[in-house]
Amino acid sequence: MMFSTQGLSLTRIRGDLFGGLTAGVVALPLALAFGVASGAGAAAGLYGAITLGLIAAIFGGTRMQISGPTGPMAVVFASTLTVVGGQIHLAMAAVLVGGVIQMLLGAFKAGGLVRFIPYPVLSGFMSGIGIIIILLQIPPLLGAPPVSAPLLALQQLPAALSAANLQTVLLTVLTLIIVFRTPMSISRVVPSPLVALCLMTVLAVTAGFEVPVIGEIPMGLPEFVTPAFSLQTWTTVIVLGATLALLGSIDSLLTSLVADSVTRTRHQPNRELFGQGLGNMLCAFVGGLPGAGATMRTVVNIKAGGRDRISGVVHALFLLLLLIGAAPLATNIPLAVLAGILIKVGVDILDYRILKLLRTAPRTDITVMAAVFGLTVFVDLIVAVGAGVVMSMGLIIHQLTRQANFRVCPLEEKYKGSGMLDGDVRLLEVDGPFFFGSTSRLLDRVDQVMGTRAVVIDCRRVPFMDLSAQFALEDMIERLKSLNIPVVVVVQGDIRKELEKLNAPHLPPELLHETLDDALLVARRALAV
């Protein structure tokens, strides 16, 4: 059963009903705005909010999460629609592929991997998405046709300013004042985006403003759409679908973490991916905008009393009733009002937490964040995330490499006064992570032990050793043996077991010893031969 009756009470049901209705009220203007911004139309935003909101609520792994079109997903879908030349069947094929990939990620238990994405990458990505949303609203707020890329919005800015419609600018400014300055006491009852949507639409209609509007929204249930692609376009569709799947999964699971922190509960990440994937997959067949778990709507639902799946279902059914009975009322909504609402969304997405720490945060992290931010805004979203993760990995490898220390010294320096082997043995101490990033430093030490009769390699302070390091160690031993210099290795625990399992011809088990005393005894015997 998807719905559990355990713990249900009149108070809890009332909270879920009120939470779902409140989330639905918040979702309405956003769904319309994201649909228009994506290029698929306001109806696509509503279809996506209803379909994904209902399916994810029933099958997802976060009980109180509200799902639907989000800013990042709208931006990616807009670029998808542009890449496929505005062909809705191809765009929906990408949405279908994305949904299937999300379901597969859930089936292969990849839900926990979102926790391994570095924070600077997420920060730069989300801030970049916020800026993209803001830049894309510049033409509509000036009365010009919407564009699909932030660079295009900047290029067309001079022409749009010269032909600006003062009535659209006025509506946008008034919308911004409402969404930013409405007291919280009012927003808790009636969300500020809905206040702006209603008041500004009434103003535009009664004052007779000549401004671009949403236009006709089809009433009733959506028509069936058949996603389709050919052999010539399958690679494009799969890449775009993978992009939607990756972004939707990250967006949803981050919202799930927020819900967990607010409610002190734990979500099921793999089930959440399955529910989101199934919902997005069905969106492809109704021409709906793909989406993800929506942070603001989820928090609104929780604050209004929503604690179970019922709230998400109520949210979707509320939007469905509006679509069936009140669609004509949205016909005259000015695009400038939706632009103002989306600018508020973009501003809210910006990561102010890390922006406040620009002067004090580590330079490397700020560099990663800035690079991801720039790539997100001006290049490509998936490239930005991939590049950010690679940069973060490279910085970590660099730091680990610096922690590794290789020191060569005669034994009498290490054990003064002991008379051990009279300097005929050199000790090579390996301290710190020994992996592919530090192997070259070990091989550089070969020349420092050439003039000795025996070598002891001390790896007791090595926390881990990868295959590259194991091969580098074997190569060093092989080179010393070719010069008739016996080598003994001190290694302990799991690392020794791994070396023994390796069965390397120049690194047999008899060369490996647990203690330095045992290694010295073997070296002494080798010199006595």
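In the predicted model, isoleucine 214 is in contact, beyond its neighbours within four places in sequence, with Leu32, Val36, Ala42, Ala330, Thr331, Ile333, Leu335 and Leu338. Ile214 also belongs to the largest nonpolar core, which comprises 92 residues. Within this core, the residues with the most contacts are Leu32, Ile214, Ile217 and Leu338. Two of these, Leu32 and Leu338, are among the contact partners of Ile214 listed above. The greatest contribution to the core comes from helix H16 (residues 335-349), which supplies 11 residues.

Leu151, Leu154, Phe378, Val379 and Val383 make up a nonpolar surface patch of about 420 Å². Leucine 151 is located in helix H7, which spans residues 150-155. The relative accessible area of leucine 151 is 38%, so this residue is classed as partly exposed, a category that lies between the limits of 20% for buried and 50% for exposed residues.

Helix H14 covers residues 295-303, and its buried residues are Arg297, Thr298, Asn301 and Ile302. These four residues lie on the same side of H14, because they cover an arc of only 135° around the axis. Following H14 is glycine 305, which has a positive phi, near 115°.

Definitions and conventions
Residues numbered from 1 in each chain as written. Predicted model: local features only at pLDDT ≥ 70, side-chain atom pairs only at ≥ 80, totals over all residues. Heavy atoms only, no water. Buried < 20%, exposed > 50% of the residue type's maximum accessible area, 1.4 Å probe, protein only. Helix = DSSP H or I, 4+ residues; strand = E, 2+ residues; numbered from the N terminus. Arc of directions from axis to C-beta. Core = buried A, V, L, I, M, F, W, Y, C linked by side-chain atoms within 4.5 Å. Contact = heavy atoms within 4.5 Å. Patch = residues over 30% accessible without salt bridge, like charges linked within 9 Å, V, L, I, M, F, W, Y side chains within 5 Å. Areas by Shrake-Rupley, 256 points an atom, 1.4 Å probe, with all protein chains shown as cover. Salt bridge = Lys/Arg side-chain N within 4 Å of Asp/Glu carboxyl O.
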